[in-house]
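Open the model in your viewer and keep the selection panel at hand. We will go from stop to stop, with something to select at each one.

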Amino acid sequence: LKALFNELEFRTLAKRVFNEPEDGQLTLFEEPAEEVEKAELRTIRNTQHEYLVADTSDKIKEVVEQLLQAQEFCFDTETTGTDANNCELVGLSFAVKPHHAWYIPCPPDYNQTLEILQILKPAFDNPGILKVGQNMKFDLTVLHYYDIHPAGPFFDTMLAHYVLEPEQRHNMDYLARVYLNYEPVSIESLIGQKGGRQGNMRDVELSLIKEYAAEDADITLQLKHKLSSLLPEAGAEKLFNEIEMPLMPVLTSMEIQGVKIDVENLQQFSRDLEKDLFSIENEIYQLAGERFNIASPRQLGIILFEKLKIDDKPKLTATKQYATGEDVLEKLSGRHPIVEKILDYRELMKLKSTYVDTLPQMINPRTGRIHTSYNQAVTSTGRLSSTNPNLQNIPVRTERGREIRKAFIPRNPDYILLAADYSQIELRIIAHLSGDQAMQDAFRFGFDIHAATAAKIFKVPIEEVTREQRRAAKSVNFGIVYGISAFGLSQNIGISKKEAQLIIDEYFRQYPGIKTYMEKSIATARERGYVETIMGRRRYLPDINSVNANMRGFAERNAINAPIQGSAADMIKIAMINIHRELRNRNLNSWMVLQVHDELVFDVKRTEMDVVKPLVKEMMTNALPLSIPVEVDINTGENWLEAH
DNA sequence: TTAATCAGCGCGTAC
DNA sequence: GTACGTGCTGATTAA
């Protein structure tokens with residue numbers, strides 16, 4: 001089993017950026033500094049507390065009485081693993097006031113645990129009580145399998161901190177150190193270090209697990225009080241209460257539903273890929289004159305650039321290896337027939353190892369479906385992310401890649417998939433935020449925006465735009481969304497930096513409002529230290545005044561990109577909340593199952609399609625009205641590709 | 001000494 | 001611009 005603390009450990013090391021302006025407290029997370037700080041942190045050993053075990057039905061009833069009298073209670077689940085859709089409940093902890101908490105152990109016998117939870121149910125069901133927790137999606141999912149479906153309102157400390165400090169980390173241990181100067185009992189002290197044969201919560205002695213679990217509920221409740229007082233001054237209350245908190249149970253539902261996969265189809269595809277890979281592999285060995293590991297960039301680089309010498313001044317990577325990325329190989333594809341074979345090999349290998357062979361292994365034995373995990377507190381812009389597996393990067397671009405989308409199917413023959421996606425949402429948001437007349441007109445007239453842009457920057461009538469011109473214009477529009485640099489654009493469409501700059505200059509002449517808006521975004525970041533989305537989601541940009549031009553440039557592109565990408569995220573989140581509410585209020589048997597940034601996928605009961613399709617379209621279109629039209633493309637199909 | 005594990009990196013997928 | 005996963009590789013840790 002993996003360490004349970006992974007449940008809350010979301011950020012990669014590389015993502016840690018510590019630029020806390022106010023008090024500098026947050027700089028204590030470099031490992032050595034952490035050791036120094038440890039001495040000053042309070043712990044369970046030097047902090048007064050009363051943590052009680054409730055292990056009889058009478059004692060549990062007493063707990064419920066206390067919960068029902070409270071305005072809010074905090075709860076936490078202890079489980080046998082980190083996969084909420086496939087683990088067992090080991091115990092629950094509750095807190096209603098600081099330094100006091102109860103722990104209720106749950107036996108391995110499912111029915112006995114069900115009985116315990118039935119006693120607790122009135123507290124969970126009561127909509128007059130605020131339920132507090134840390135990463136509550138996990139707990140709600142676990143409880144779902146025990147027939148407990150807690151009613152809101154909710155307060156998730158992880159999400160509260162996410163709206164306050166989106167770039168920081170949000171796990172409980174971190175929050176406890178920063179906001180309470182407290183270091184909680186580590187999970188490792190209970191179940192051992194991560195790497196080796198880590199133990200199981202089920203096997204931890206009651207007295208130990210009680211202290212750990214009760215402390216979690218206690219600390220989380222204390223954090224709630226700190227964080228809730230910080231929300232108003234950060235202008236984050238509305239975002240928290242009207243978007244992130246209501247979205248949390250929606251994501252819980254989506255994860256629980258999961259999506260069905262056509263395993264036979266994938267297995268056949270895997271055999272096809274294997275055959276093709278085998279022959280490509282042998283062709284490569286023939287052309288190279290020797291066998292080597294094609295999947296090793298290092299070995300491949302040596303073959304291409306030292307043995308075959310297909311380039312006399314090969315590009316190098318950060319670590320001085322030969323660069324063999326797709327863009328590099330693409331440029332060399334005329335030099336030697338091996339290059340195209342390598343590109344083919346790469347594509348097929350990627351599909352096979354990342355998707356075709358992996359997805360079937362991710363099927364949950366309990367449900368027979370795939371349950372991704374949406375992370376609601378990881379991106380600095382407000383987007384969601386998806387892991388285990390990541391269902392937000394399923395291929396769509398290439399012919400063979402699209403085969404994988406065909407394997408996403410409805411749950412049973414009574415169902416059909418519905419996919420709805422926003423058309424050009426980020427460009428529309430720029431048009432809205434900037435007020436640029438020309439771009440607004442293009443959307444109001446319903447033009448193909450890339451063709452319209454091409455017509456403008458190449459000064460030709462829109463009907464005479466060539467495919468090449470449209471392609472270039474599309475890249476420029478993409479670049480605009482990302483906070484364009486001449487370098488980035490030149491890389492993208494394979495022209496010189498100078499030519500790219502000319503195109504950008506012309507773009508800004510044609511869309512002057514866009515240029516002004518970008519300058520304004522950067523100015524705002526300089527003045528206030530942050531930029532924000534339509535819903536007031538902030539992104540702090542401490543590097544905006546950096547003396548380092550690279551860092552400053554990066555911050556400036558973020559100042560442009562964050563409100564755009566983030567406002568699109570706000571919009572689809574609002575749509576998701578509204579759609580989910582309507583589907584459930586009407587007791588429909590159709591379900592939202594996937595979100596891919598600008599797209600929602602539903603598993604729809606065929607008999608309900610007449611209701612669901614217009615509902616989805618309406619709710620997405622009007623989630624966050626803009627000064628220009630919002631368009632939603634919507635389709636149905638027997639698989640995700642067909643519906644797309 | 002050897003085997004297992006970890007972490008960083010190159011790469012490639014999505015929007 | 002925002003993410004996540006896989007495989008390779010060299011370094012570190014455990015047996």
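**Stop one: a covered helix**

Start by selecting helix α15, residues 425-434, which is mostly covered: eight of its 10 residues are buried (under 20% relative accessible area, where exposed is over 50% and partly exposed lies in between, using a 1.4 Å probe and protein chains only). Helices (H or I, at least four residues) and strands (E, at least two) are DSSP runs numbered from the N terminus. This is a predicted model, in which local features need pLDDT of at least 70 and side-chain atom pairs count only at pLDDT 80 or more, while totals for chains, interfaces and linings use all residues. Residues are numbered from 1 along each chain as its sequence is written, chains are lettered from A and ligands numbered from 1 in the order in which they are written, and side-chain values use heavy atoms, with hydrogens and water left out.

Among the buried residues of α15 are Glu426 and Arg428. Now show what the buried residues pack against: β11, α16 (437-444), α17 (449-457), α18 (467-481), α21 (512-528) and α22 (contact means heavy atoms within 4.5 Å). Just after α15, look for glycine 435, with a positive phi of about 70 degrees.

**Stop two: the sheet**

Next, select the four strands of an open, antiparallel sheet, ordered β14-β15-β11-β16 (two strands pair if DSSP finds at least two bridges between them). At its edges are β14 (591-595) and β16 (632-637), each pairing on one side only. Strands β11 (residues 415-422) and β15 (residues 599-605) pair over seven bridges, and isoleucine 416 stands opposite valine 604 in β15.

**Stop three: DNA strand B**

Which residues come nearest to DNA strand B? Of the 24 around it, select Thr324, Glu326, Asn393, Val396 and Arg397 (near means a heavy atom within 4 Å). Helix α13 (residues 337-356) gives the most to this surface, with three residues.

Zoom in on glutamate 326, where a polar backbone atom is 2.6 Å from a phosphate oxygen of DNA strand B. For the bases, pick lysine 350, with a side-chain N or O atom 3.0 Å from a base nitrogen, then arginine 383, with a polar side-chain atom 2.8 Å from a base oxygen.

Terms used:
A polar contact is a pair of N or O atoms within 3.5 Å; within protein, one must be able to donate a hydrogen and the other to accept it, and residues adjacent in sequence count only if both atoms are side-chain atoms.
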